[in-house]
Amino acid sequence: MNGQNWGNWDAISFFFFYVHTNDHTNDHRKHYGFEQHLVQTRDDYLLCVHRIPEVDATRSWAPPKQQIVTEGPEGLDVQDFLNEFAPVINDGQGGGRPVVLLYHGFLMSSEIWMCNIDESRNLALLLAQRGYDVWLGNARGNKYSQAHLKLSATDLAFWNFSLNEYAIYDLPDTVDYILSQTGQPHLTYIGFSQGTMQGFSSLSINTGLNKKINLFIALAPATTPAGLHHPLIDAFVKAAPSIIYLIFGRRMPLAIAMFWQRMVSPPMFVKIIDICTHFLFGWTGRNMSPAQKIVSYQHLYSATSVKSLVHWFQIIRTGQFQMFDEMPSRLPFKRVSSVTDHVPPKFPTRQIKAPIALFYGGSDSLVNIDVLLGDLPRPLAYIKKVEQWEHLDFVWANDIESLVYPDIFKLLDHFNPVNPHSSRRRSKV
């Protein structure tokens, strides 16, 4: 894979677009080192990856809370199995900073990690402050990764990818590129929603990747969603997932959402999204502040392929975490006793060797935790449930800095610690 380091501030200006901070004159960009890289996948897509390699030595900050919260009105349940895993000791002999890669969800981009309205509530910045070399991935087809060596984004062939390609190419090629750039032997992978699907699927079919990921943290892990909240819509898409092609074509879905995102005011767009997510998923959005929604919802929709959406509906229909079915049944129902001429392979997730930590919400309709736990190897490193939380809460909820981040820091200290004697910051230029 090839890469290029772009010192382009404009391309990543979203990192510090805090429209609701108390100090509008404070330019946070100058406190962090930023880079933009291009990863060439083995099938010739060019994926943009953003990097926060260092922090200004003069930057003052208050260390985040370290205490693990196990009780509260949110309804918390923690299962800690870290004693099953030997702690890693960082003696500094390898040099460089330990690496963390964060990956976004469906119809999103790397921006989701950087649009909490308080600087101290953005996970990527907190990790950089703690001494980590932070990388933010972008899946093929989204706003930052619409380039290819031989195809244009206007070509139909460009959009001919499903979740399979994320697992086969995007994640392993991105990890290999990052490790080659940093000189580190392994990294920690933190995925949200579809980013967790990408982690589970890729680790399950790429044996060597398990040696390169020292810890996989899955936030709102989506592998086998039970379905949609509205019964008619749910029945419709389960009956024939390929009908989605007739609705959206074969390039990218929900372009109308991005159109209205630009046409209506942010407060009106928040109301539209809240209505739609409640209709489709039953979410209330009650755990996010109105100010946070105004900022976050502007970063919700980024392009992907219709084929990947069809793949998700195939998974929902079968209840199996499977690879894309190129020859799905045309029957509008599923017959358990019927003879089939082919069976799409499941992702063999029980073969994953990398340590896994799960964070999920009890009110998240996209997480089928019982099926997921049945598909994973034992022991898991850590499981935390926040009963009142929904899907998007694991990136933008109130109190995320106290309910989730301390647990993440504890896991990193165990599996991918920072050398306590190394400098976490760069000298101010």
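The model is predicted, so local features need pLDDT of at least 70 and side-chain atom pairs count only at pLDDT 80 or more, while totals for chains, interfaces and linings use all residues. Residues are numbered from 1 along each chain as its sequence is written, and side-chain values use heavy atoms, with hydrogens and water left out.

**Exercise 1.** Find how many residues of helix H13 are buried, and name them.

*Solution.* Begin with the terms: helices (H or I, at least four residues) and strands (E, at least two) are DSSP runs, numbered from the N terminus, and buried means under 20% relative accessible area, exposed over 50%, and partly exposed in between (1.4 Å probe, protein chains only). Next, locate helix H13 at residues 405-415, where nine of the eleven residues are buried. Finally, list them: Tyr 405, Pro 406, Asp 407, Ile 408, Phe 409, Leu 411, Leu 412, His 414 and Phe 415.

**Exercise 2.** Decide whether Thr 188 is buried or exposed, and find the side chains with which Thr 188 makes polar contacts.

*Solution.* Then take its relative accessible area, which is 0%, so Thr 188 is buried. For the next step, a polar contact is a pair of N or O atoms within 3.5 Å; within protein, one must be able to donate a hydrogen and the other to accept it, and residues adjacent in sequence count only if both atoms are side-chain atoms. The side chain of Thr 188 makes such a contact with the side chain of Asn 214 at 2.6 Å, and another, of 3.1 Å, with the side chain of Asn 416. Lastly, taking contact as heavy atoms within 4.5 Å, and not counting residues up to four places away in sequence, the residues touched by Thr 188 include Leu 412 of the list in Exercise 1.

**Exercise 3.** Classify the aromatic pair formed by Tyr 405 and Phe 409.

*Solution.* Start with the rule: rings of Phe, Tyr and Trp (its six-membered ring) pair if their centres lie within 6.5 Å, and planes under 30 degrees apart count as stacked, over 60 as edge-to-face and the rest as tilted. By this rule the count comes to 16 aromatic pairs. As a worked example, Phe 158 and Trp 159 lie 5.0 Å apart centre to centre with 75° between the planes, and their pair is edge-to-face. Now turn to Tyr 405 and Phe 409, whose values are 6.4 Å centre to centre and 45° between the planes, and whose pair is tilted. To finish, note that both lie in helix H13, four residues apart, about one turn of the helix.
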